[in-house]
Amino acid sequence: MPYDRTVRLDADFDTAVTAVRKALADQGFGILTEIDVKATLKAKLDHDMEDYLILGACNPPLAHRALEADRSVGLLLPCNVVVRRDGESTLVQALDPGTMVTLTGLPALEPVATDATARLDAALGSLV
């Protein structure tokens with residue numbers, strides 16, 4: 001079962017990260033957390049890997065609606081957006097919001113997932 005929404009960019013990593021931040025902000029998502037996986041693995045394990053950044057993006061109205069439907073859905077909120085190098089390109093990946101509905105089986109989450117999907121698709125689509 002596919003669980004991601006992905007776009008491939010012909011852009012360097014830093015340019016892609018800047019564009020992703022703007023695209024998400026334009027769709028009402030703020031960045032609450034940021035994990036530089038490459039730096040963390042280097043510091044903790046002395047492991048070298050490609051650029052890999054996890055942005056914890058949140059759209060408060062959508063998160064509120066989802067949490068009102070099911071308090072446990074915080075485990076599944078489509079908050080993480082990954083920006084990572086893949087060869088000569090940069091991938092931008094987000095969790096497919098429909099995963100919340102599929103895994104919970106809660107019809108009350110369908111309109112939230114639909115709205116979140118439209119916003120994420122608009123953000124990702126503006127990058128290509």
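1. Burial is given here by relative accessible area: buried means under 20%, exposed over 50%, and partly exposed in between, with a 1.4 Å probe and protein chains only. On that scale His47 is partly exposed, with a relative accessible area of 39%.

2. The model is predicted, so local features need pLDDT of at least 70 and side-chain atom pairs count only at pLDDT 80 or more, whereas totals for chains, interfaces and linings use all residues. Residues are numbered from 1 along each chain as its sequence is written, and side-chain values use heavy atoms, with hydrogens and water left out.

3. His47 sits in the loop between helix 2 and strand 3; helices (H or I, at least four residues) and strands (E, at least two) are DSSP runs numbered from the N terminus. Leaving aside residues up to four places away in sequence, His47 touches Lys38, Leu41 and Lys42, where contact means heavy atoms within 4.5 Å. His47 and His64 are 17 residues apart along the chain, and their C-alpha atoms are separated by 38 Å.

4. Asp46 lies in the loop between helix 2 (37–45) and strand 3. Its phi is near 55°, a positive value in a residue other than glycine. Most residues other than glycine have a negative phi. Asp46 is exposed, with a relative accessible area of 57%.

5. Which residues of helix 3 are buried? In this helix, residues 60–69, they are Leu62, Ala63 and Ala66. They cover an arc of only 100° around the axis, which puts them on the same side of helix 3; the arc is that of the directions from the helix axis to the C-beta atoms. The face turned away from the buried side carries the exposed residues Pro60, Pro61 and Glu68. Strand 3 (52–58) and helix 5 (110–125) are included in what covers the buried residues of helix 3.

6. The axes of helix 3 and helix 5 come within 9 Å and cross at roughly 160°. Axes are lines fitted to C-alpha atoms, for helices over the stretch in contact, and angles run from 0 to 180 degrees between N-to-C directions. Helix 3 and helix 5 are therefore roughly antiparallel to each other, a term for angles over 145 degrees. Leu62, Arg65 and Ala66 of helix 3 make the contact with Pro111, Val112, Asp115, Ala116 and Arg119 of helix 5. By class, this contact has five nonpolar, no polar and three charged residues; Ala, Val, Leu, Ile, Met, Phe, Trp, Tyr, Cys and Pro count as nonpolar, Asp, Glu, Lys and Arg as charged, and the others, Gly among them, as polar.

7. Leu103 belongs to helix 4 (residues 98–104). Leu103 is exposed, with a relative accessible area of 54%.

Definitions and conventions: Angles under 35 degrees count as roughly parallel, over 145 as roughly antiparallel, 65 to 115 as roughly perpendicular and the rest as oblique.
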